[in-house]
Amino acid sequence: MIEKVFKGNSRYWMWLAFLSAFVGVGAICYIRQYLFGLGLTGMGRDLSWGLYISQFTFLVGVAAGGLMLVLPYYIHNYKVFGRLTILGEFLAISAIIMCLMFIMADIGQPLRGLNMMLHPTPNSMLFWDMVVLLGYLGLNVICAWVILTAERKQVKPPKWVYFFVYLSIPFAVSIHTVTAMLYCGLPGRHFWLSAITAPRFLASAFAAGPALIVIACLVMKRVANFDAGKEAISKLTTIIMYAALINAFFVLLEFFVGYYSNIPGHKHSLEYLFFGLEHHGVVYNNLVPFMWTSVMLCFGGLGLFAYMKIRKVGTDLMVGIGCGMIFFALWLDKGLGFVLGGLVVSPLHEIVEYYPTANEIGITVGIWATGFLLVTLMYKIAVDVEHEVEA
Amino acid sequence: MDKQRRKFLKVAGATALAGISAPAVVKLTSSPAIASSEHGAAADAHGAPADAHKAAAHGAEEAPKGVRLGLLVDMRKFYGKPELLDKAIAACHKVHNVPQIDNRKSEIKWVWKAPFENVFPEHSNSHSSKIRKENDFLIMCNHCDEPPCVRVCPTQATYRLPNGIVAMDFHRCIGCRFCMMGCPYGARSFNWENPRPYIKEYNPDFPSRMRGVVEKCNFCGERIALGKEPACLEAVKESGAIVFGDLNDPGSEIREVLDKENTIQRKPSLGTKPSVFYIV
């Protein structure tokens with residue numbers, strides 16, 4: 001099936017070339033960082049995690065989001081998602097590869113990465129995160145490939161693969177739960193030290209992942225003659241709405257706990273993210289515009305979906321805009337605010353703001369472009385197989 | 001697929017999940033036992049195994065067994081003498097080849113000084129005394145009894161020695177900086193670039209580090225092994241401002257001071273049980 005990626009129209013090749021340019025920039029930036037060290041990033045002694053880890057966290061969510069397709073189809077026998085589950089699995093594979101790339105970009109001694117396996121440490125959540133991420137990656141590779149091969153040959157998938165399909169469901173939940181546990185078990189990091197972190201991560205994942213799949217479906221409808229079906233898209237937008245609402249609800253609960261208890265440590269990060277944090281006469285508020293943009297986009301997207309559902313109207317463009325708004329809102333919320341907001345107050349109660357460097361942004365964009373490239377190639381295979389079967 | 005098979009698969013999936021997660025659950029539920037097994041093992045050696053766990057369970061202080069190194073900073077002797085603090089800091093940094101990077105983003109420090117409100121943010125800062133406002137306080141790794149950095153490290157590159165020192169293996173560290181996230185005291189520094197050009201006077205008795213690894217105060221483990229005192233203590237020896245010794249030995253100098261004076265620790269509410277004490 002691999003051969004399908006080598007055949008395509010000029011638009012396909014132009015898109016690949018466009019992405020490859022960014023991959024190239026990212027690669028050059030990474031070589032620079034590899035030769036000099038992480039000093040080329042905006043991270044420092046007081047703020048020692050940054051863009052890489054926050055992208056990693058967000059993308060684990062995107063990977064887990066595929067669950068919202070697999071679960072209804074395989075557990076609830078919701079046939080409408082039949083053509084889409086493969087897209088969810090391929091998205092999960094790409095997202096996890098991006099996660100692993102972000103981790104490799106973030107560690108100071110990448111050549112020692114295998115120490116994680118040579119010296120397994122069950123008390124470290126990072127170890128468990130590696131276990132579940134690699135497990136989920138493997139499961140998705142097996143399931144996607146076997147099921148797609150069966151579809152191509154127009155036979156039923158072998159029975160044994162369903163074992164892995166069902167296994168991938170708890171794994172999808174576990175990857176984001178364990179990723180949340182990286183944060184929520186650290187003493188002295190008040191913003192993260194919240195039992196609601198894992199459910200909040202899952203809620204935003206179940207909105208962001210499907211939102212990206214809907215956008216991909218709409219694009220492929222135009223450029224690749226692949227129609228997911230109106231009912232499937234409509235059901236997905238309902239799922240996105242509920243998940244985004246639950247995420248917003250969880251954020252509001254964080255606000256209540258912080259402000260009603262009036263404990264400074266629980267308020268600092270929220271204050272910094274949404275209103276600006278005053279310290280020794282200086283107001284720190286770099287992320288305030290980003291967070292309010294996130295709020296506006298989230299509720300704007302929800303409003304748009306609600307309007308379309310109540311009035312029973314809506315074009316593909318409107319659905320795409322709504323999904324884009326929610327995806328971007330959640331990226332700002334989790335891919336930016338969560339990590340950077342939690343780190344703004346150092347353990348010594350100094351305020352340090354984070355400014356990513358151009359080199360760091362180059363690597364980040366490069367990894368995103370690699371992810372889009374992988375998604376494109378894999379979706380190309382999936383769609384071409386579909387067309388081959390139809391023909 | 002017919003209904004029955006679907007049903008079977010659901011059950012099979014759930015069973016498989018249970019099977020896979022079982023070791024993790026066992027591991028998680030047994031972790032308190034592991035945490036206290038050190039005390040248990042120590043107690044065994046002294047022939048009093050049964051009570052150690054009980055005492056720990058009730059939150060009472062377990063009978064001290066083995067060596068637990070601790071350090072006491074008598075700030076009264078540092079007040080008004082910032083040069084004494086600088087002397088202690090310089091001695092440590094020289095002995096340990098700590099690079100002198102004058103840039104807050106990339107700096108590396110093992111022992112340093114900071115205002116009271118930064119060192120003790122959980123203590124009251126309103127209407128603090130003049131002496132408290134005007135003086136800096138000496139800070140370093142607390143060599144906690146329950147170190148979060150050791151708990152989160154994915155490669156055991158940071159670990160706790162039997163004598164209580166939280167040590168680092170610079171050759172195993174992958175530079176993920178999870179320990180820096182875990183440490184609630186900001187005691188750890190990362191080598192954002194090659195540190196060697198920033199070492200002024202190289203001490204051949206202690207290794208320098210390479211870029212991409214984390215480092216911190218090691219309670220002068222390498223000096224203690226040779227029967228020497230910690231470098232910071234030695235530098236301010238005549239003032240008696242730093243006391244070092246075995247917290248578990250009732251006859252040690254540090255215990256004598258601790259028994260006599262009121263001392264505080266940094267962020268005690270986090271349950272890390274620091275081994276560094278302060279008289280303020």
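Helix α8 of chain A is mostly covered, with 20 of its 27 residues buried. The model is predicted. The helix covers residues 197–223 and reaches 39 Å from its first C-alpha to its last. That span is close to the 39 Å expected at 1.5 Å a residue. Just after α8(A), A:Asn225 takes a positive phi of about 60°.

The largest nonpolar core has 194 residues. The residues with the most contacts inside this core are A:Ala63, A:Cys99, A:Tyr136 and A:Ile326. Helix α8(A) supplies the largest share of the core, 15 residues. An α-helix has 3.6 residues a turn, so residues three or four places apart point the same way.

Chain A is divided into two domains. Domain 1 takes in 1–184 + 356–386, and domain 2 takes in 227–355. The C-alpha centres of domain 1 of chain A and domain 2 of chain A lie 23 Å apart. Their contact takes 18 residues from domain 1 and 20 residues from domain 2. On the domain 1 side, helix α2 of chain A (residues 51–65) gives the most, with 6 residues. The residues of that side divide into 10 nonpolar, 6 polar and 2 charged.

Contacts also join the two chains. Here 49 residues of chain B are in contact with 40 residues of chain A. On the chain B side, the elements that give two or more residues are α1 (3–45), α4 (116–119), α6 (148–152), α7 (178–182) and β6 (189–190). The largest share of this side comes from α1(B), with 9 residues. By residue class, the chain B side divides into 23 nonpolar, 13 polar and 13 charged.

One loop position in chain B was also examined. B:Asp249 is placed in the loop between β8 (242–246) and α10 (253–260) of chain B. B:Asp249 has 14 other C-beta atoms within 10 Å. B:Asp249 and B:Ile264 are 15 residues apart along the chain, and their C-alpha atoms are separated by 19 Å.

Conventions
Residues numbered from 1 in each chain as written. Chains lettered and ligands numbered in written order. Predicted model: local features only at pLDDT ≥ 70, side-chain atom pairs only at ≥ 80, totals over all residues. Helix = DSSP H or I, 4+ residues; strand = E, 2+ residues; numbered from the N terminus. Expected span 1.5 Å × (residues − 1). Buried ≥ 20, exposed ≤ 12 C-beta atoms within 10 Å, placed from the backbone. Core = buried A, V, L, I, M, F, W, Y, C linked by C-beta atoms within 7 Å. Domains from an automatic or database assignment. Contact = placed C-beta atoms within 7 Å. Nonpolar A, V, L, I, M, F, W, Y, C, P; charged D, E, K, R; others polar.
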